[in-house]
Amino acid sequence: MTETSLQPGVPLAGLTTLRVGGPARALLRCQDTRSVVEEILAADATSEPVLVMGGGSNLVIADAGFGGTAIRIESSRIEFGTGRESGRAHVTADAGVTWDDLVATTVEAGFGGLECLSGIPGSTGATPVQNVGAYGVEVADVLREVQVLDRRSGTLRWVAPGELGLAYRTSRLKHRDEMVVVAVSFWLNDHRASQPLRYRELSAEMGVEPGGRADASAVREAVLALRAGKGMVLDPDDHDTWSAGSFFTNPIVGSDDAPAILDRIAARLGPEVAVPTYPAPDGVKFSAGWLIERAGYAKGYPGPHSPVRLSTKHTLALTNRGGASTEELLSLARDVRDGVADTFGVTLHPEPVLVTCAL
C-alpha cells in the first residue's frame, strides 16, 4: 500500500531553506518509493507539470509559484550492507532521507566515509544530482550507485557513478527531469575511519597532516562546528541560515584565460595580493567568495534594513532576513554577479536550481 497525501494550493516557501516562493497547484507528499513512482507516472500520463522536491535546500522558486504538481519525496528507509565482491560496507538510503540524518546514522553505527559532508541541508536524493561536496570530499568520492525512475520507460534501475557525468557541483541528472533519484547507495569505511582529510582548515582542526585520517565522529563534530561558524547549519532562529548554502559555484576559468584574470585582479588590488586558486580539470578554479568580497560586497551587504543580504558570516550565502520575496533575492544575486564581472571579468553562476525564474 502506498502512502501519499494531497494538499491543493500550498505555498512552497515553507518547504525550502530560503523560505521564498509561491504555491503549486497541488502538493503531494509521498512517504515511500512506490508512491513516488506511481504519482510521477500518473502525472506524466496526463501531461501535468511536475516539480520533484526533497529538502528544498537547493531550490529558488518564483514568487508566482509553480503551475503544476509539486511532489515531495519523504521516503525514509536506510539499510546497511556489505558488497559481495569487495566485502566493503555500504549504506543505501531512500531519496527522502534527510542527508545529515543519514550521515549521523552511519557514524553512530561505527562507520566513516560521509563525515566531511556533515551539516549539509537537504535530502539524500539531491546529493548525486548536485555532486554535493564540502571540506575536501564530494559525493563522487563515496558514491556506490543510484536508483532512478526513468520517466521515459516508467521503470526503475540502478545506475553506476560512471554513467552520471559527475563533475564539480553537477551531474547528468542536474537540470534534467527524465531521471528521478529514488534511492542512493554509498561506500563506507570500517572502524569509523574518516575519508582522507584534504581540506587544510579541517586537517589543522583535527591535528593531522593533509591527507591523513581521523575518527569519523570527531571529524563530524569539527565539520559541524566549522559550518555553524559560517552560518551553514540550519537554525530557524538564525536568518544567516535562511539560504540555499553557497549561492554561486566557484568559477572555473580556462587555463588560457586565467592569466588575464590574474592580471586584472593585480591591477585592481595590487601585484602583491595572494589570489586563492586551485587546479581544476578544465582550467583554474577561483574562489567565488574571495572575488565577491574583493569586488566590494562585504558580509551583510547591502545592510541591516534590507530584506535580503549576504550572510553576516559567509559572503557566498544569500539570505532571507525573514520576509523577502524571490525577486528581491534574485535582484541581490544579479547585483553581486554583475559587480564581480565588471570588476574582475569573471562570471559567477548560481548553484541552486531556479524554478520558473531566472537571473
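This is a predicted model: local features need pLDDT of at least 70, side-chain atom pairs count only at pLDDT 80 or more; totals for chains, interfaces and linings use all residues.
V253 stands opposite V284 in β15.

- Strand β15 spans residues 283-286 and runs antiparallel to β13, with 2 bridges joining them.
- Together with β14, these strands form an open sheet of 3 strands in the order β13-β15-β14, with antiparallel pairing.
- β13 (252-253) and β14 (277-280) each have a single partner strand and stand at the edges, so one side of each has no neighbour in the sheet.
- Helix α7, residues 258-269, lies across β13, β14 and β15, and runs at about 35° to β15.

**The annotated active site**

- In the unreviewed UniProt entry, the annotation "active site" covers R169, S246 and E351.
- These residues are spread over 183 residues of sequence, yet they cluster in space, with a largest C-alpha distance of 11.0 Å.
- R169 sits in the loop between β11 (155-159) and β12 (179-187), and its relative accessibility of 14% makes R169 count as buried.
- E351 is found in the loop between α9 (326-344) and β18 (353-355); E351 is buried too, with a relative accessible area of 13%.
- Leaving aside neighbours within four places in sequence, R169 is in contact with residues including Q130, G133, K174, T249 and E351.
- A polar atom of the R169 side chain lies 3.1 Å from the backbone oxygen of G133.
- Not counting residues up to four places away in sequence, E351 touches N58, Q130, R169, K174, S246, F247, F248 and T249.

**Aromatic pairs**

- Across the whole structure, a search finds 5 aromatic pairs.
- One of them is Y135 with Y199: the ring centres are 5.0 Å apart and the planes are at 75°, so this pair is edge-to-face.
- Y135 lies in the loop between β8 (133-134) and β9 (137-138), and Y199 in the loop between β12 and α5 (200-206), so the pair ties together parts 64 residues apart in sequence.
- Y135 is buried, at 7% relative accessible area, whereas Y199 is partly exposed, at 34%.
- The rings of Y297 and Y301 have centres 4.9 Å apart and planes at 85°, so they are edge-to-face.
- Y297 is buried, with a relative accessible area of 9%, while Y301 counts as partly exposed at 25%.

Key:
Residues are numbered from 1 along each chain as its sequence is written. Side-chain values use heavy atoms; hydrogens and water are left out. Two strands pair if DSSP finds at least two bridges between them. Helices (H or I, at least four residues) and strands (E, at least two) are DSSP runs, numbered from the N terminus. Contact means heavy atoms within 4.5 Å. Axes are lines fitted to C-alpha atoms, for helices over the stretch in contact, and angles run from 0 to 180 degrees between N-to-C directions. UniProt positions are given in the numbering used here, feature names are shortened, and annotations may be inferred rather than shown by experiment. Buried means under 20% relative accessible area, exposed over 50%, partly exposed in between (1.4 Å probe, protein chains only). A polar contact is a pair of N or O atoms within 3.5 Å; within protein, one must be able to donate a hydrogen and the other to accept it, and residues adjacent in sequence count only if both atoms are side-chain atoms. Rings of Phe, Tyr and Trp (its six-membered ring) pair if their centres lie within 6.5 Å; planes under 30 degrees apart count as stacked, over 60 as edge-to-face and the rest as tilted.
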